[in-house]
Amino acid sequence: MEPGSCGAAPGGMSVSAVLPAGGSGERLGGATPKQFCGVQGRPLVSYAVRAMERISWISDIIVVVSPEYIEAMKTIIEKYGHKRVTVVAGGITRHRSIFNGLKVFAEKEFSSHLLQKPEVVVIHDAVRPFVEEDIVSKVVMAAKEHGAAGAIRPLVSTVIASAADGCLDHSLERAKYRASEMPQAFLFDIIYEAYQQCTDYDLDYGTECLHLALKYCKTNAKLVEGTADLWKVTYMRDLYAAESIIKDNISQQVCVITNVKETLAQVGFLLPESLKSQVKVEAISVSLSKNDSHLQNIISGQCYNFVCVNVTHYGKVDFICSSSIILQVHVDISENSSFSIGMEDLTMIKKFARETKMKNILVYGLLIQNK
């Protein structure tokens, strides 16, 4: 399915997503908010956007950022080829930012163009980059039935309360409580009404969307057991952990890119099939022109190892750059039996390989000549 297209949502509902990304990152330390910190050379927020973008049935993705980061976010969207994304200015608190994101669907004066109101809206933190479609689908289906739903996880530590003198007052029985995580999903009319009714105190000091739905709309949220990868990047050590996970994910993924010539159809099919037992494979057929903008968006927008299979009649090698490993498979079907790569091409290959190696990208080449 092409990026930007919408598949069938669970239960046949229209679904959109709001990603609050306006935090200051005080706990992380440093001048750059954590959602804009680079992980493997790519801003953290881009991974979260991509996770939602890969879910074809999410119609619109609203990213809410601090006003001073609007242009930076737009640059990220353009650089990584994100689709279906609208950038909105956030408020001074989390709840005010989410409310602004919801207004894009309901208040014409808030946006230059009013987006179609979804039946269900997913709310997910921009600093939780590893959300999978399965858990999003589960909370959406639960929200359809119950009006609201959210992912939860077991508590890791016991929660205690201190008295006014700083001594222990009481502790909670850990087995009875859960940590509220993201994603959460709501019938749009319920969560929007809750935000319209809530007090300034809620907007300024509250953090739990499920609580607003309960308090103002009497909607008891369904709690859905989440996976271990829903954690939130909060401290510097979390960025290192995220980078490690992303590297591990990259090592298990490969994108096979082929051009659309009929001659290549069999190779383009057999190669992904043979790799599927080893790694996660995505196959894409596009023009392999160096100037092809769609191809460049695929390359910059994904974190894959790339196997690029190219059939040509004239022997010129094209180059693309990925995030970890490039395997350039060049299939020559020309009738010229004396085909060879010239010194100019070899020099270009060597220079390209040296430059990418500095970025921890390894370039491999395979020339297949059909005689």
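Predicted model: local features only at pLDDT ≥ 70, side-chain atom pairs only at ≥ 80, totals over all residues.
1. Strands 4 and 5. Strand 4, residues 58-65, and strand 5 run parallel and are joined by 5 bridges.

2. In which order do the strands of the open sheet lie? The order is 5-4-1-6-10-7-11, which makes 7 strands, and the pairing is mixed. Strand 5 (85-89) and strand 11 (222-225) are the edge strands, each pairing on one side only. From one strand to the next, the twist averages 25°.

3. Helix 1, made of residues 44-53, lies across strand 1 (15-20), strand 4, strand 5 and strand 6 (120-123). Its direction is at about 160° to that of strand 4. Helix 5 (residues 188-197) also packs on the sheet, where it touches strand 6 and strand 10 (178-187). The angle between the directions of helix 5 and strand 10 is about 110°.

4. The hairpin. Strand 8 (residues 160-162) pairs with strand 9 (residues 168-171) in the antiparallel sense, over 3 bridges. Ser162 has Leu168, in strand 9, as its bridge partner. The two strands form a hairpin with 5 residues between them. In the turn, Gly166 has a positive phi of about 85°.

5. Helix 3. How many of the residues of helix 3 are buried? The count is 8 of 10, so the helix is mostly covered. The buried residues include His95, Phe99, Asn100 and Lys103. Ile98 is another of the buried residues of helix 3, a helix that spans residues 94-103.

6. Ile98. Ile98 has a relative accessible area of 0% and therefore counts as buried. Leaving aside neighbours within four places in sequence, Ile98 is in contact with Val18, Pro20, Ile123, Tyr195 and Cys209. The C-alpha atoms of Ile98 and Gly22 are separated by 9.5 Å, while the two residues are 76 residues apart along the chain.

7. Arg128. Is Arg128 buried or exposed? Arg128 is buried, because its relative accessible area is 7%, under the 20% limit. This arginine is found in the loop between strand 6 and helix 4 (133-146). The side chains of Arg128 and Glu181 are joined by a polar contact of 2.7 Å. The Arg128 side chain also reaches the backbone oxygen of Leu230, at 2.8 Å. Not counting residues up to four places away in sequence, Arg128 touches Ala48, Glu181, Met182, Leu230, Trp231 and Lys232.

8. Cysteines. How many disulfides does the structure hold? The number is 0. In general terms, a disulfide is a covalent bond between the sulfur atoms of two cysteines. For Cys198, the closest cysteine sulfur is in Cys209, 9.9 Å away, which is too far for a bond, because the two sulfur atoms would have to be within 2.5 Å. Cys198 counts as buried, at 9% relative accessibility. Cys37 also counts as buried, with 13% relative accessibility.

Note on methods. Residues numbered from 1 in each chain as written. Heavy atoms only, no water. Buried < 20%, exposed > 50% of the residue type's maximum accessible area, 1.4 Å probe, protein only. Pairing = 2+ DSSP bridges. Helix = DSSP H or I, 4+ residues; strand = E, 2+ residues; numbered from the N terminus. Axes fitted to C-alpha atoms, helices over the stretch in contact; angles between N-to-C directions. Contact = heavy atoms within 4.5 Å. Polar contact = N/O pair within 3.5 Å; in protein donor to acceptor, adjacent residues only side chain to side chain.
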